Amino acid sequence: MRLILLLVSALCAFAADEPIGAELYKRHCASCHEAGANTRIPPTETLRQISAATITKALNVGVMRQQAEGLSDVQRMTIARWLGRNVSTSVSIEELPNRCASPSPLRASASAWAAWGVGLDNRRFQTLEAAGINPSDIPRLKLKWAFGFADTTLMRSQPAVYGGRVFAGGNNGTVYSLDAATGCVHWVAEGAAGVRTGLVVGRLEGRTMIFFGDSAGQVYALDANTGKSLWQLQPDDHPLAIITGAPAYHDGRLYVGVSSYEEATTVTEGYVCCTFRGSLLAVDAATGAVIWKTYTIAETPKPGKPTQRGADTIGPSGAAIWSSPTLDPEHGVVYVNTGDNYSDPTTATSDAVLALSMDDGQLLWSQQMTEGDAYNVTCTVPDKAACPDSDGPDFDFGSPPILVRLDAERRALILPQKSGVLHAVDPDQEGRILWQSRVGHGGTLGGIQWGSASDGDRVYVALSDLRYTRARQPDTGAVFTTLNPEEAGGLFAFDVENGELLWNTPPPGCGGRSQCSPAQSAAVSGIPGVVFSGSVDGHLRAYSTDDGDILWDYDTVGEYTTVNAVPGKGGSMDGGGAVIADGMLVVGSGYPRFGGLPGNVLLVFTVDGL
């Protein structure tokens with residue numbers, strides 16, 4: 001044992017200067033991480049901005065655990081030390097410069113944003129009373145404080161505001177309870193592989209709890225007053241399972257959708273695609289015990305016929321749940337949107353909305369929006385080695401269903417899709433299509449990505465349609481792929497009754513900024529009179545719900561002095577949207593995936609910064 005420890009210590013000290021780390025990385029990692037900006041895999045330069053410890057965690061228990069399976073502990077550490085920064089990542093609250101001097105319990109407050117979509121219907125629309133901000137206040141919004149997450153370049157987890165606290169999770173696996181007024185730290189919790197979902201707050205038997213999922217496919221429950229772990233659950237035994245959509249909480253139960261990295265892992269040489277299938281679980285929020293689990297594909301994957309290119313296959317697979325479930329307790333139904341298939345054969349429950357019983361998980365009905373959609377990341381590489389014969393078009397759902405009432409008798413589920421089409425279906429007639437409206441072109445990173453917002457009369461839709469272009473290095477003449485600064489983006493308003501387009505505001509554009517796209521991929525958030533949309537260009541903008549006029553525009557890109565003394569940097573905005581509650585507008589900035597700008601800050605805005 002002592003000899004092994006000495007060997008590991010020696011490798012840690014000298015790996016940065018050793019050719020071994022570079023060779024291991026080239027052999028096992030470079031083919032994916034240097035494949036270009038249009039993949040779902042972070043490039044090498046992004047990995048170099050995080051610590052060796054975080055890279056090691058990703059290789060051992062995180063998103064790279066499957067790819068690292070054949071590597072020894074020493075080899076994993078050698079790659080991590082060669083690639084990452086040699087900094088300490090452990091967080092001790094006693095050492096924090098902004099630890100709250102007099103910790104106080106959570107205060108009772110109705111002014112909260114405690115779930116992905118605010119309410120069970122996933123409308124992402126806050127009341128003026130709970131928001132504490134009026135439309136007339138919007139031009140006076142100013143930064144009150146910024147908080148920096150150490151050892152991360154990605155801010156995808158949507159924060160929650162509850163009881164005078166801001167709860168925020170980082171891609172480095174930490175969760176913080178921050179004082180809403182000052183940003184001081186009440187507690188910090190570690191242990192997750194990387195906080196991937198939005199944070200959810202729920203009350204159960206006199207206790208306030210925090211729920212979230214991570215990049216290792218685990219679901220966690222923490223005590224909101226102390227940060228103490230209450231339970232931890234692995235809801236799926238697939239080695240590439242992850243939790244992307246925020247859990248939904250109601251009446252002592254947590255509803256959890258499961259997704260996976262297998263769609264991207266197919267670029268690994270010799271990988272036989274695919275064995276994962278999405279699922280939805282009902283979990284006892286008090287104990288973490290699974291009450292029921294329903295797969296989105298009823299059939300178990302099995303070996304199938306080779307693709308036209310001769311690749312072995314397993315299927316059916318995919319139909320992951322990438323977004324938060326929508327709950328309808330009045331009718332005892334939970335609605336989820338699903339992703340595409342990863343391999344052939346395709347299924348009737350991919351790219352679809354499913355209605356399941358909240359009691360036992362029984363599938364009540366489904367409505368598919370795109371047939372025959374099987375896709376994985378090898379479809380983007382030249383040889384398309386493991387690409388299904390269907391070859392996309394990758395029109396899955398990343399946004400949750402939005403439940404609205406049309407009148408006293410009629411309701412609708414609004415379904416924003418990556419196809420660039422906005423759908424409305426009748427939940428009381430087994431998903432009968434009411435209307436469909438074209439928003440954009442759609443595609444792998446196109447259409448509507450992470451969520452729209454609705455005030456009940458209108459639905460406000462941000463368009464991604466992120467595009468790439470080819471450029472040439474001025475010094476070497478080498479051709480590379482970069483974000484297209486001229487195409488993508490825009491905000492749209494549609495009538496929920498008939499899908500009529502009411503207004504459309506084109507993106508202002510990148511204005512000469514490099515590594516920039518005007519795509520609006522982040523989830524939209526709103527209050528009466530105003531909706532907020534974050535952009536890959538790094539701007540957070542407020543739009544009038546009347547006509548789409550831009551009322552406020554804040555460029556989050558840049559350096560920040562943070563309340564916790566961690567060097568702060570703002571970048572692209574994607575994934576989770578802004579949270580509006582208790583007089584605050586709270587949002588994360590930084591998203592280096594797909595060629596965007598990295599960042600690590602949580603930003604809190606108030607009227608006049610007071």
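Started with Asp 394, which is buried, its relative accessible area being 0%. Worth noting before I go on: this is a predicted model.

Next I looked up the backbone at Asp 394. Its phi is positive, about 60°, even though Asp 394 is not a glycine. I found Asp 394 in the loop that runs between strand S20 (363–368) and strand S21 (402–405).

I wrote myself a reminder of why I flag this: most residues other than glycine have a negative phi, and most peptide bonds are trans.

Which other residue did I note with a positive phi, near 55°, without being a glycine? That one is Arg 124. I placed Arg 124 in the loop between helix H6 (73–83) and helix H7 (128–131). Buried or exposed, I asked of Arg 124? Arg 124 counts as buried, because its relative accessibility is 1% and the cut-off for buried is under 20%.

Then I turned to the peptide bonds. Cys 273 and Cys 274 are joined by a cis peptide bond, with omega about 0°. Where does Cys 274 sit? I traced Cys 274 to the loop between helix H8 (262–265) and strand S13 (279–284).

I also logged a cis peptide bond between Gly 315 and Pro 316, where omega is again about 0°. Pro 316 belongs to the loop between strand S16 (313–315) and strand S17 (326–328). Gly 315 is the residue at which I have strand S16 (313–315) ending.

How values were computed: Residues numbered from 1 in each chain as written. Predicted model: local features only at pLDDT ≥ 70, side-chain atom pairs only at ≥ 80, totals over all residues. Heavy atoms only, no water. Helix = DSSP H or I, 4+ residues; strand = E, 2+ residues; numbered from the N terminus. Buried < 20%, exposed > 50% of the residue type's maximum accessible area, 1.4 Å probe, protein only.
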